[in-house]
Amino acid sequence: MLYRLILLFLLSISNFAWGANSIAIIDDSNSEFNIGKSGTYFIDKEQNLSFDKITSDEYIKQFRPINRDYLQLGIVKGDIWVRTDVAIRSNNTPILLNIKSPRLQYLDIYLPNLYENQVQAELGSARPYTNRQVNTPNYVYTIPSNAPPIFTLYIKLSSHLPINAAIELKTLSAFSLDNQKDLTITGILIGILLTLFACNLFFFIKTSHAMYLIYGLLLIGIMALHLSLHDQITQFFPNAIHIQERVYNLASLLSLCAIVFFSRLYLDTKKHLPKVDKALVVVGSINILFAFIFTIWPDSISILALSLIAASTLLLLSVHAVIAFIKNIPFSGYYLVARLILLIGHSAWLMSIYGIIPSAALFEWGLTLTVILEAMIHFTGMISQTAPLLQKHSQITKQSQADISDLLSDLSSRMRRQINIINGGLSHLEQAAMSKEAKMFLASSQTANSNIQDLIERIDLLSDIKENIALEQNQPILLNDLIDKAINNVQRLDQDNSNIELNTIGTDQVEVLQDSLILQRLIESLAQEFKHFTDQELMLNIIRHDINREGIIFLELNCSPLPTRIQVNSKQLDLGMHYISLLVEHLQGENQITTNDQLRSMNIKLPIKAHIRPFNENVMHQHHFDLILLGQVDNHLQKALTLLQRHANKIDHFTTLEGLLEYLDKPSKRESGSIILVFDNGGHIPHITQQRLLPLMRDEDQCLLISNNVKVSLNYAKKLGFDDLLTCSDLESQLKIRISRLIQKGDRIKNTSLSRINPLNKSS
């Protein structure tokens with residue numbers, strides 16, 4: 001059976017060999033023929049064989065069949081001889097030999113049956129354009145009309161560049177149709193590039209941003225590169241040699257340089273990635289240097305060096321795109337997609353040049369189509385960058401010049417103060433970085449920085465409201481939690497030691513279903529704008545009126561006494577009173593300033609979509625537990641105190657473990673259970689603290705460890721004897737939930753006969 005399979009395989013090979021065309025035929029039914037189907041080739045590596053020796057029987061036997069439509073051999077050191085027999089059976093029809101190989105340097109054509117060993121055409125990019133019989137981008141030779149019915153054709157090709165050639169016999173009409181088709185595709189591609197160039201020029205005129213100008217230059221370079229690949233530039237320099245290669249080298253390297261410097265401006269690498277920015281400057285400079293070297297001396301350096309420079313540059317830009325995307329630099333997503341497309345497309349095109357991927361279509365059109373696709377992606381990203389600018393310009397034109405002046409003046413005055421504080425704090429820290437006074441200035445600088453961030457958030461919210469962008473709320477939020485968070489932010493941002501008294505009526509059990517963020521920002525703005533810079537105290541009252549059947553409550557906000565600087569002026573555009581009025585208007589509320597016995601106050605009434613959530617029994621018993629905080633006063637402990645200031649439970653704070661132990665020393669005299677919050681700061685060692693606390697804790701007492709150490713896990717905390725663990729980063733969102741959970745657990749333990757289980761301690 002094996003022998004039969006081998007015999008079948010050999011017969012198949014022989015059938016394919018005999019079935020292959022051995023002669024190129026042009027007749028009335030075949031208007032074109034690809035020489036690759038019938039031709040054979042031989043490589044003269046020494047380049048010393050004459051035509052007489054090549055046509056001798058000794059070398060004719062060494063010719064090998066081409067057997068492919070497209071001759072792609074990559075870089076070949078030596079002369080390539082192509083031989084084929086041709087039969088012309090078409091009367092009175094001009095027959096053309098069409099060789100499409102724009103980067104070929106030397107091309108000789110022989111017809112020994114007519115002219116013996118005399119060369120009939122000397123073509124190639126290393127020879128003047130005037131040598132061509134037909135003025136076309138391809139090398140075209142007209143078969144003489146007195147040629148015999150069957151004759152032999154020899155073609156000699158030589159180049160230090162990669163050899164990619166399509167060799168065909170065509171009638172004049174077939175050649176005209178194919179040439180018209182190529183010119184049409186080229187015209188469409190050049191038209192797209194010109195359209196993109198015009199758009200970039202428009203945006204450059206409108207924005208004066210150099211990014212658009214550089215990318216426009218890149219598009220011009222790609223046009224020149226495409227035309228040089230199709231050898232449509234040589235005809236403008238008929239007596240020059242190597243012009244196609246010079247234009248190709250100059251256009252390719254300058255295009256790479258334009259991509260590099262465009263990338264710097266597109267992602268603003270000087271600001272976001274300063275080290276990468278310096279590398280891009282170096283790479284761009286190297287491309288400029290080699291662009292002139294390869295243009296002036298195209299034969300001095302191997303073309304492999306140019307390909308290596310191009311591949312390395314695109315690989316570096318792809319790494320740059322990945323880094324920018326990881327660091328979440330604005331518009332890096334567009335840039336990453338464009339870079340990957342260009343890297344993949346250019347790699348495939350480069351492999352087609354060197355014969356790794358034998359594809360004529362990829363070689364002719366692949367690079368241009370890849371760059372057009374990349375340009376469209378970049379163009380989309382550039383429109384996204386420019387749209388906010390144009391939209392902002394459109395909105396500004398709708399405002400009067402007085403409004404613009406008021407807004408800019410207000411922003412300038414607010415931010416200048418914060419910047420002065422930061423500069424003062426930093427300059428002082430440079431002189432005394434370890435002193436207590438330096439730490440005080442550092443804290444003041446951090447507060448100022450938070451105020452700047454708050455101003456930015458105000459502007460963002462103002463922009464969303466102006467543009468009618470809906471702010472989604474995923475879940476209900478307790479009104480008390482919303483108020484606590486607002487007051488906490490006010491205290492965090494306060495720089496003047498101002499006093500604000502907050503009173504709430506009927507806000508318990510109310511859950512806000514919509515516009516909670518805007519309501520919170522309104523409360524914050526009222527406290528920040530109406531606070532006094534003297535010893536006088538601002539009174540902020542928040543009153544909830546009855547809910548109606550549609551789930552709407554009326555919330556009343558009352559602020560008094562108002563500072564004298566507060567005036568209602570709806571025409572002035574600022575982030576103070578105008579901002580507050582805009583928030584009230586967006587919530588469909590109303591506000592008014594009243595004066596009673598020289599006491600000015602502002603009264604705001606807002607319809608809020610909300611519902612009442614009744615407390616369960618466990619929540620109602622939470623006030624039977626005392627809250628005890630152990631730790632030094634820092635930002636985290638202060639935040640916890642702020643979050644718990646409206647809690648119904650009794651709250652005690654101890655800075656030392658001894659003070660807490662003395663308080664717990666007589667557990668029988670304590671009327672309520674305790675929830676102990678141990679902060680891992682100020683030198684407290686968790687396992688030692690818990691070992692000393694545990695003997696004094698009642699069965700229902702619970703102990704919560706609050707740590708900023710990310711290495712501490714919940715399992716480890718429970719092994720030490722703690723009932724739960726909370727990280728400092730989750731204080732704002734999880735503290736009240738954890739306390740409620742621990743109170744419920746303590747209630748269950750108190751109502752059962754179970755006692756606290758002490759952890760096992762290893763004896764030394």
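What is the volume of the second largest cavity? In this predicted model, in which local features need pLDDT of at least 70, side-chain atom pairs count only at pLDDT 80 or more, and totals for chains, interfaces and linings use all residues, that volume is about 160 Å³. Residues are numbered from 1 along each chain as its sequence is written, and side-chain values use heavy atoms, with hydrogens and water left out.

A cavity is a set of points, on a 1 Å grid over the protein atoms alone, where a 1.4 Å probe fits but cannot get out, and lining residues have an atom within 4 Å of a point. The second largest cavity is lined by 13 residues, of which Lys-100, Pro-137, Asn-138, Asp-182 and His-230 are the closest to its centre. Helix 5 (172–207) and helix 12 each give two or more residues to this lining; helices (H or I, at least four residues) and strands (E, at least two) are DSSP runs numbered from the N terminus.

The whole structure holds 3 cavities of 30 Å³ or more.

In strand 20 (residues 625–630), 6 of 6 residues are buried, that is, under 20% relative accessible area with a 1.4 Å probe and protein chains only. Strand 20 pairs in the parallel sense with strand 22 (residues 673–679) over 6 bridges, pairing requiring at least two DSSP bridges. Leu-630 is opposite Val-678 of strand 22. Strand 20 also pairs in the parallel sense with strand 21 (residues 651–654), over 4 bridges, and there Leu-627 faces Ile-651.

Definitions and conventions:
Buried means under 20% relative accessible area, exposed over 50%, partly exposed in between (1.4 Å probe, protein chains only). On a 1 Å grid over the protein atoms alone, a cavity is a set of points where a 1.4 Å probe fits but cannot get out, and a pocket is an open set with protein on both sides within 12 Å along at least five of seven lines; lining residues have an atom within 4 Å of a point. Grid points are joined across faces, edges and corners, and a volume is the space filled by probe spheres set on the points.
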